[in-house]
Amino acid sequence: MPAGTDIIYRVNAADEISFTNRQYDEFARDNDGEKALSTAVLHCSLWSFITEPTTQNLYREVLRRVRDGRSIQFTFRCDSPACRRLMEMIVVSTDAEGVEFRTRALLEESRHPQTVLQHHARSSGEFLRMCAWCNAMNADGDWVEVEEAALRLRLFEYSCLPTVTHGICDACFTKMKRTLSEPPNTA
Ligand SMILES: [Zn+2]
């Protein structure tokens, strides 16, 4: 994809969101609705959006490394109910202790819509854990693709679906730790 389609946001030295580009708003409108638009997130702390403790610790480490002068690059999944999306993120430092997050889609493919990923008004009161990095879901202890999880957990038989909560799976945690511990000149 051309660089002009990159989704960009920046935080200042206090980790507050200080800039978002047009592509950020277009992506937010299509995927997360009004609550994610720049008007709602600008000047807010990054940590009010990344609240899950393990993920927050990883992101804090990313910011620390970037402010130390290296860039961090990793891929992650950002699926929607009807689309699998592989994204790449590059995190670099800007002036005055700021940090820029630059995201682009590497791959997109459509699929049969996964109802568990749709926002549903009625919830069963149960929770399903999803890895925020590879979008795998935890089905009885195994991290599997959402299609597989729906089969294993018999989600088709539910009239009310569980609520999806975000975390990180063991494989992604290990991979991120490895990325963060690479020496600066290989980044
Ligand atoms: Zn994962």
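Reader: How many Å separate the centres of domain 1 and domain 2?

Author: This is a predicted model. In it, the centres of domain 1 and domain 2 are 24 Å apart, taken over C-alpha atoms. The contact takes 15 residues from domain 1 and 11 residues from domain 2.

Reader: Which residues belong to domain 1 and which to domain 2?

Author: The domain assignment gives 3–110 + 170–186 to domain 1. It gives 115–166 to domain 2.

Reader: What area is buried between domain 1 and domain 2?

Author: About 1200 Å². Carbon and sulfur atoms give 57% of that area.

Reader: Which three residues supply 44% of the area that domain 1 buries against domain 2?

Author: R77, P81 and C172. Their share is more than that of any other three residues. Keep C172 in mind for the metal site.

Reader: Which residues are the protein donors of the zinc ion?

Author: Four cysteines, each through its SG atom: C131, C134, C169 and C172. They lie 2.3 to 2.4 Å from the zinc ion. In sequence the spacing of the donor residues is C-x2-C-x34-C-x2-C.

Reader: Why is the arrangement around the zinc ion tetrahedral?

Author: Start with the general idea. Ideal angles at a metal are 109.5 degrees for four tetrahedral donors. Now the case here. The 4 donor atoms subtend angles of 102 to 113° around the zinc ion, so the arrangement is tetrahedral.

Reader: Are C169 and C172 buried or exposed?

Author: Both C169 and C172 are buried.

Reader: Where is W143, and what does W143 contact?

Author: W143 is in strand β8, residues 142–144. Leaving aside neighbours within four places in sequence, its contacts include the zinc donors C131 and C169. Also in contact with W143 are R129, M130, A136, M137, N138, I168 and D170. W143 and I168 are 25 residues apart in sequence, yet 9.9 Å apart in space, C-alpha to C-alpha.

Reader: Why does W143 count as partly exposed?

Author: Its relative accessibility is 23%, so W143 counts as partly exposed. Buried would need a value under 20%.

Reader: What about L128: buried or exposed?

Author: L128 has 4% relative accessibility, so L128 counts as buried. The residue lies in strand β6, residues 123–131. Beyond residues up to four places away in sequence, L128 touches V116, M137, N138, L153, L155, P162, T163, V164 and T165. K175 is 47 residues from L128 in sequence and 22 Å away in space, C-alpha to C-alpha.

Reader: How do I read a helix such as α3? Which of its residues are buried?

Author: General idea first. An α-helix has 3.6 residues a turn, so residues three or four places apart point the same way. In α3, the buried residues are T55, Q56, L58, Y59, E61, V62, L63 and V66. What covers them includes β3 (72–77), β4 (83–93), β5 (99–110), β9 (161–167) and α5 (170–181).

Reader: How many residues does α3 have, and what is its reach?

Author: Helix α3 has 15 residues, 53–67. From first C-alpha to last it reaches 21 Å, close to the 21 Å expected at 1.5 Å a residue. Just after α3, G69 takes a positive phi of about 110°.

Reader: Which residues of α1 are buried, and what do they pack against?

Author: Helix α1 covers residues 22–31, and its buried residues are Q23, Y24, D25, F27 and A28. They pack against β1 (7–11), β2 (17–20), α2 (38–41) and β4. Just after α1, G33 takes a positive phi of about 80°.

Reader: Which residues other than glycine have a positive phi?

Author: D15 is one of them, with phi near 65°. E97 is another, with phi near 65°. D15 is found in the loop between β1 and β2. E97 is in the loop between β4 and β5.

Reader: Are D15 and E97 buried or partly exposed?

Author: D15 has 11% relative accessibility, so D15 counts as buried. E97 has 47%, so E97 counts as partly exposed.

Reader: What is N12 in contact with?

Author: Leaving aside neighbours within four places in sequence, N12 is in contact with S18, R67, E97 and G98. N12 lies in the loop between β1 and β2. At 25% relative accessibility, N12 counts as partly exposed.

Technical notes:
Residues numbered from 1 in each chain as written. Predicted model: local features only at pLDDT ≥ 70, side-chain atom pairs only at ≥ 80, totals over all residues. Heavy atoms only, no water. Donors = N, O, S within 2.8 Å, 3.2 Å for Na, K, Ca; no water. Tetrahedral: all angles 85-135°; square planar, octahedral: opposite > 155°, others 65-115°. Buried < 20%, exposed > 50% of the residue type's maximum accessible area, 1.4 Å probe, protein only. Helix = DSSP H or I, 4+ residues; strand = E, 2+ residues; numbered from the N terminus. Expected span 1.5 Å × (residues − 1). Contact = heavy atoms within 4.5 Å. Domains from an automatic or database assignment. Buried area = accessible area lost by both parts, 1.4 Å probe.
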